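Please open the structure in your viewer and keep the selection panel at hand. The stops below say what to select and what is found there.

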Amino acid sequence: MNTPCMKEELQVLITSLDSEITPRESSSILAYKVPIQSLLKIMTILKRDTRFEFDQLQLHSALDWPAEQRFEALYILNSTKTNLEVLLTVNLPRENAVLPSLSSIWAIAEWQEREVFDMFGVRYEKHPDLRRIFLDDDWIGFPLRKDYQDEFMLRRPW
Amino acid sequence: MNTVIVERPGTGNLVSRFFYGFKSLLIGMRLTFKYLSHPSTVVTQQYPENRKSLKLADRVRAQLKFEIDGEGYHKCTACHICEQQCPNASIHVIERKPSATGKPELDTFIWRLDSCTFCNLCVMVCPYQVLKMDATFESSVYDQKLLAYNLSPYAGPTSGVLMKIEDPEARKKMIEPRGQYAGPTALSGYPLAGISKKQFPETTHQGGHL
Amino acid sequence: MVNMELIPKVTSLDERLGAMAAHDDSPLATQEYFVNMGPQHPSTHGVLRLVLKLDGETVREVIPVLGYIHRGMEKKAETVGYRQQVHLTDRLDYLCSVMNNWVVSATIEKAAKIELNDRIQVVRTIFAELQRLQSHLLWWGVFGMDLGAFTPFLYGFRDREKITKIFEETIGARLTMNYIQPGGMMYDLHPTFQAEVKSLLLYMKPMFKEYDELVTGNIIIQERLRNVGCLDAKSAIALGTSGPVLRASGVPHDLRKSKPYGVYDKVNFRVPIGSVGDCWDRYAVRMLEMRESVSIIEQLIDNIPEGKHLTVKPGAKIRPPAGVYFEQMETARGIFGVLMNSDGSEKPTRVNYRTPNFHNLWCLTKIAPGGKIGDLVSIISSLDVVVPDIDR
Amino acid sequence: MSVSSFSRNIVSHLDSSPGTSAALFVSGLVGTLAFMSLMALILIYVERKVAAHFQCRLGPMRVGWHGILQSVADALKLILKEDIVPFSADKLMHATAPVFAVVAMLLTLIAIPLSSSLTLADSNIGVLYISAVSGLGVLGILLGGWSSNNKWSLIGAMRAGAQIISYELSATLSVLVIIMLSGSLKLSTIIQSQANGWWIWRAPGVGLIAFITFIISSTAEINRTPFDLAEGESELTAGFHTEYSGMRFAFFFLAEYLNLFVVSALGATLFLGGWMPLHIGDQQGLFSGFNQVMDLIPEFVWFMLKTASLIFLSMWFRWTFPRLRVDQLMKLEWKILMPIGFLNLVLAALMTFFGFFFFATGRGF
């Protein structure tokens, strides 16, 4: 099932999808940088591909790179048939961060995206129910941004 | 993959299910009656009464303690490794430099039970095995402030330094006794007596923006 | 580039509920009403809040409202070093703390390229399976209690206590263990460990028969679980479920088999899967998993190789090279994954937990509508949610 | 003073002048209340102990020897507890509901014959009276659930209403079998008719089926597991008494346990011969020696033993079975118990007509 040869085929497939796809260095699993414009298209193709069948969105999260003024959205796709997994990352600006919603492809994305919105403030196009998920509706700020501060945070004195 | 499909509950007409159901209820009642009729199967431990016979495992982590030798001395050199490893800043090592020797030595070793998660990292990293976890679990008090302990019985050098001095009186001069609640207390949500404001800079509210 | 019209307005819970409340004006329509199930409710297993739209006894819509035990674990994880990461995961899914520890440790080991010996792998596998057994026993008891039978709860806890005792001997803790560390385990096995585990296995085997007599065979249980909360394989996958919930829907996806870690590739065990995906299948899959856990422990307990229990010095600094690291394993509730981003310093810049309960919970919104309140209770219970794991 | 002489005193009081009737009324009321409270306290203690041992526990052990005073301590605690009434509750209804529940039970209690002489009111429509008055209890539950202004309470109350009214049917059907066999509505006559043997075995099959139906439906009527949907704590937090605390909660609790006692006593009276000792055949028959030995045990003890065993059975159910779902509950009544009850009634009618039961001589038509 999960053979090295299949992994190579997957690499070939992903790089052929869009000319702007580049491998993401320094990652423990197979990872690619994807341009934001073609994200929805690439995800749809990967979901529908009969050979690999990435039927699960295993994880959706984001990284904050304050020095470069960007977020990096992470999508780990997983296949319950072939057990392959691949990490796709999308760079997006920190100001007015918007991503396309994947909830039409994987149902679980609806809530994963709500979490990323709650923690990073990334908003999603065509999201069916964009609300905060863990924090109060009137919470100010997005806690997992690196520059987040509030009065309850304790600082380690040493 | 070696899979197995789990069994489904039996189907059948109403009559057979009715009799099956009757039987299954009786089987369940037989099981519970077995336990009722065998008082030896009772597993209850009556805790405060059984204190004397209560036997906890050796490794139970319920309280941080100092290893104290027969003379009442410890081996802590105030190296701060445990303090750095503590994930919750529950340990605060305060050292002093007596003018006689000029060498840093332990003054008080503050350990906060209220924020400790008993992760055991401090015990693991201690280079001199000064710290140990103890099974004393009855540590509830009525005031949270009483959960900040000083573990060190005295302020002074390690047992290694002290034992080199022959004269007990001279040793006594080098050390100063410290009580269980001596010294200032480490990080917390509220200030405790003896902590300078400087150590805890006020954080201001700077919320992000939508 | 950004089409502002497509971005939905950020709403609040009140607005969401207000939109739901639009009711039918026809004279025959019955009045639907909202009930808050939780945050304090006996069968939501903690502080999970479900807003229910009910029509009499029938559930029309379920909206989970989270965050009542959100502690900002991921933010906290950014402030502590790699060695301190492990004990934080004890507090996520507190019933699988050893397995959570293992995932974090494995991520750090992968990042920092720490080698492990065979003893560590075998002992970790044994502990993971003991934990799975322990966790499922608790679930079994609570499941019985949610369905109204109080006695299984006590029996489950009685037998779980025996495993907890074994943990207490070797680890020194009963719930938040912090046992598996990057590079090995905190302690070596207790001298009596093997004997105790063997007597436990002998004890457990007849107990499974008792569980079947008391609960599995019971007609009321069978009728309450059969064809309740059916989750078909396709939506189970799309909703991101994992673990027993996914397998009960007939998808044989088990990381222990498909991406073996520890020594799972060296032991024989079966993966129980369901056929319908209802509450019964979820129940039966877990019951069979307990038996498989016993068989895995049985195969390993006599074959623990010799070796050190910790391959790195406990005080040594861990500084993995910069990069994203992801590791996932099969805990008792599903796939627990840890994603860490390192910048080469002593602390990770981002830690993300892919928790099984967060992903398993949402199928509730799809399978609960149409059932009765009692069905909702058995569905929640069959999903085996642990709320701190959802909220983090 | 033995029980029979005590009751003879009561009877002699009844014959005395009307001036003493006020004193009699007060003493009767106080006596019933005392008996009721004592019975509830004992039952709660026993339930906790029995439950504990079903579950490999010890149960209450601290207050008194083996926790024997535990329920007294609990009662004291409940009396001293703050009486919380929800802000938006219907205050009057909220206060009356527990009283309804207790009074209904109190009224049923007076018709139960504790022994041949110790009966407070041996009405000639005793069975009818009991089934009519015990129906009042549901009013308390409905009122309590409705007036609390809490949705969980309301759901619980509605469930209880539907459940009790439905199961009243099959309970009555099974009681009808005994009425038909004994030919009387008077409880003492029903007991007398079992002098040659209890109805549970004397009417082959029919008696047993009626007994099982009665046990199931009466368990449902008093809202005990597996039919505790009205208060099922895992579904409705506490059902109709979610918003009750302190003494009012204690009243519901009291009513629940007295209900258990009344229902078991009624079951014992109808099917197990009440205070009548275990007899096989009449005094001249083959088992006359056996019957004489059985007569040595006092009637009151017989009655209490039978009631206690039925109470134990109910506790056994409660600590073994899970709860039914609300639609299954209705299905069980209307699709299974009701048809069986009707069928059984027809069989009983045939049996009575042909005198087709054991020791039918001198009875029947």
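Begin by selecting residues 246–271 of chain D, which form helix H12, a run of 26 residues that reaches 38 Å from its first C-alpha to its last, close to the 38 Å expected at 1.5 Å a residue (1.5 Å times one less than the number of residues). Helices (H or I, at least four residues) and strands (E, at least two) are DSSP runs, numbered from the N terminus. This is a predicted model, in which local features need pLDDT of at least 70, side-chain atom pairs count only at pLDDT 80 or more, and totals for chains, interfaces and linings use all residues. Residues are numbered from 1 along each chain as its sequence is written, while chains are lettered from A and ligands numbered from 1 in the order in which they are written.

Of the 26 residues of H12(D), 24 are buried, so the helix is largely enclosed by the rest of the structure (buried means 20 or more other C-beta atoms within 10 Å of a residue's own, with C-beta atoms placed from the backbone). After the helix comes Gly273(D), with a positive phi near 80°.

Next, select strand S4 of chain A, residues 70–78, where 7 of the 9 residues are buried, so this strand too is largely enclosed by the rest of the structure. S3(A) and S4(A) run antiparallel and are joined by 9 bridges (strands pair if DSSP finds at least two bridges between them), with His60(A) opposite Tyr75(A). In the turn of their hairpin, Gln69(A) has a positive phi of about 55°.

On S5(A), residues 85–93, Val90(A) is the bridge partner of Ala73(A).

Technical notes
A residue is buried if 20 or more other C-beta atoms lie within 10 Å of its own, exposed if 12 or fewer, and partly exposed in between; C-beta atoms are placed from the backbone.
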